[in-house]
Amino acid sequence: MNKLKIRIVTPKREMYNGEADMVILRTVNGDVGVMHGHLPLITVLGYGTLRIIDNNETVKTASMFGGFAEVDKEGINILTDASEWADEIDIKRAEEAKARAEERLGGAKIDDFDEIRAELALKRAIIRLETARKYK
């Protein structure tokens, strides 16, 4: 079986550059699985969990927050705004961020911009917690 070439890059670092059987990632339209030989694709990434699968098991998992992915005959290039491997996520910090966001959303009336920021912060914290707890 041919392996898929996978490259994951954030503004801060190259997170992964290797091969595996499959990558599953969250797009704005839902989860997509990509294997060697996938049709060419460019897609916008959503907020969610990315999984790298090799030999029928998940070998790496990360939270991922936006960006885009390009699939071509060589493999997949993932450029994401922010991402953390499951074992890098500080669960206590994510729980604190979740509590702060919930407090802002449940508190006194806030303007639309601050409400959107709080909702995104809550979403990021929830994804980090899910990724860390389920895949660490």
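Helices (H or I, at least four residues) and strands (E, at least two) are DSSP runs, numbered from the N terminus. The model is predicted, so local features need pLDDT of at least 70 and side-chain atom pairs count only at pLDDT 80 or more, while totals for chains, interfaces and linings use all residues. Residues are numbered from 1 along each chain as its sequence is written, and side-chain values use heavy atoms, with hydrogens and water left out.

Strand β1 covers residues 4-9 and strand β2 covers residues 14-20. The two pair in the antiparallel sense over six bridges. Two strands count as paired if DSSP finds at least two bridges between them. A hairpin of four residues joins β1 to β2. Within this pairing, Lys5 stands opposite Glu19 in β2. β1 also pairs with strand β7 (residues 75-80). Here the sense is parallel, and there are five bridges. Val9 stands opposite Leu79 in β7. In a regular strand the side chains alternate between the two faces of the sheet.

Together with Ile42 and Phe68, Leu79 makes a nonpolar surface patch of about 290 Å². Patches are made of residues with over 30% relative accessible area and no salt bridge; like charges are joined within 9 Å, and nonpolar side chains (Val, Leu, Ile, Met, Phe, Trp, Tyr) within 5 Å. Accessible areas come from the Shrake-Rupley method with a 1.4 Å probe, and for residues only the protein chains shown count as cover. Phe68 lies in strand β6. Its relative accessible area is 38%, so Phe68 is partly exposed. The classes are buried (under 20% relative accessible area), exposed (over 50%) and partly exposed (in between), with a 1.4 Å probe and protein chains only.

Helix α2 spans residues 112-135, which is 24 residues. From its first C-alpha to its last, α2 reaches 34 Å. This is close to the 34 Å expected at 1.5 Å a residue. The expected span is 1.5 Å times one less than the number of residues. The buried residues of α2 include Ala118, Leu122, Ile127 and Leu129. The buried residues of α2 pack against β5 (41-54), β6 (57-72) and α1 (91-106). Contact here means heavy atoms within 4.5 Å.

Side chains of opposite charge can pair when their charged atoms come close. A salt bridge is a side-chain nitrogen of Lys or Arg within 4 Å of a carboxyl oxygen of Asp or Glu. By this rule the model holds nine salt bridges. In one of them, Lys3 meets Asp21, with the closest N and O atoms 2.9 Å apart. Lys3 lies in the segment before β1 and Asp21 in the loop between β2 and β3 (22-27), so the pair ties together parts that are 18 residues apart in sequence. Lys3 is partly exposed at 28% relative accessibility, whereas Asp21 is buried at 10%. Lys3, Asp21 and Asp54 are linked in a network of salt bridges.

Glu88 forms a salt bridge with Arg13, at 2.7 Å between the closest N and O atoms. This pair links distant parts of the chain, 75 residues apart. Glu88 is in the loop between β8 (83-85) and α1, and Arg13 is in the loop between β1 and β2. Glu88 is partly exposed at 37%, as is Arg13 at 33%.

Glu96 forms a salt bridge with Lys92, the closest N and O atoms being 3.2 Å apart. Both residues are in helix α1, four residues apart, so about one helical turn separates them. Glu96 is partly exposed, with 35% relative accessibility. Lys92 is exposed, with a relative accessible area of 56%.
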